[in-house]
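Hello,

Here is the structure I promised to pass on. Please open it first; my notes follow below.

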Amino acid sequence: MARLAVDAGHDVILSNSRGPESLADLVAELGPRARAASGAEAAASGGLVLVSIPLLGYPSLPAASFAGKTVLDTGNYYPQRDGRIEALDSGALTDSEYLAQHLPGARVVKVFNNIFYKHLQNLARPAGTGSSGTGDRTYLPIAGDHAGAKIAVVEFLDSIGYGADDAGPLADGWRQQAGTPAYGAPYGEFENEKGTSADAAVIRAALAAAVRM
């Protein structure tokens, strides 16, 4: 994600649980548009803030630093990794609603959770390609409750080479969670690292085919 953003001309602040110094090699590789910082500084400084950590790490997030921010949530609930979370097992909350509970002042948008990272890297196309929803441009579903936040995410996706299909509010984010037709499959097999482009119609059909168990 950082590479796509830097290539599109965005400045990027990276953070992880091990500290800024552990990111020195990656920052050097990404170039002058990238730097590393603490989690609190990265969240407070970013125009858009991407959260990509296991769900069991949510309580450790510096929630105050996310207040008023548009947060891009890439998370997926994997019980074998995260442990059992009753609110998610019961369907009372979606993955992203669970994150929103930990970041009460943020505007959470679910995005990027359903695509293999190598496909994300390789399926990006120049801004404006296939803007009508057809052609070579690949689309990603987004879900969120705040219209302005969704617009910001759509614009960001366009800048890095992707279209966006609005999947509805966070409560409908389950349609793109792990195990649904929209999760992974529209973009091809993992073994094919180049991936397969998926236009807006493909993503809409996959979202519509989801069944909540």
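Two strands pair if DSSP finds at least two bridges between them. Strands (E, at least two residues) and helices (H or I, at least four) are DSSP runs, numbered from the N terminus.

This is a predicted model: local features need pLDDT of at least 70, side-chain atom pairs count only at pLDDT 80 or more, and totals for chains, interfaces and linings use all residues. Residues are numbered from 1 along each chain as its sequence is written, and side-chain values use heavy atoms, with hydrogens and water left out.

The sheet. Five strands form an open sheet with mixed pairing, in the order β3-β4-β5-β6-β7. β3 (48-51) and β7 (163-166) are at the edges; each has a single partner strand, so one side of each lacks a neighbour in the sheet. β6 (residues 139-144) and β7 run parallel, joined by 4 bridges. Tyr139 sits opposite Gly163 in β7.

A helix on the sheet. Helix α8 (residues 147-160) packs there, touching β3, β4, β5, β6 and β7 (contact: heavy atoms within 4.5 Å). Its direction makes about 165° with that of β6. Axes are lines fitted to C-alpha atoms, for helices over the stretch in contact; angles run from 0 to 180 degrees between N-to-C directions.

Best wishes
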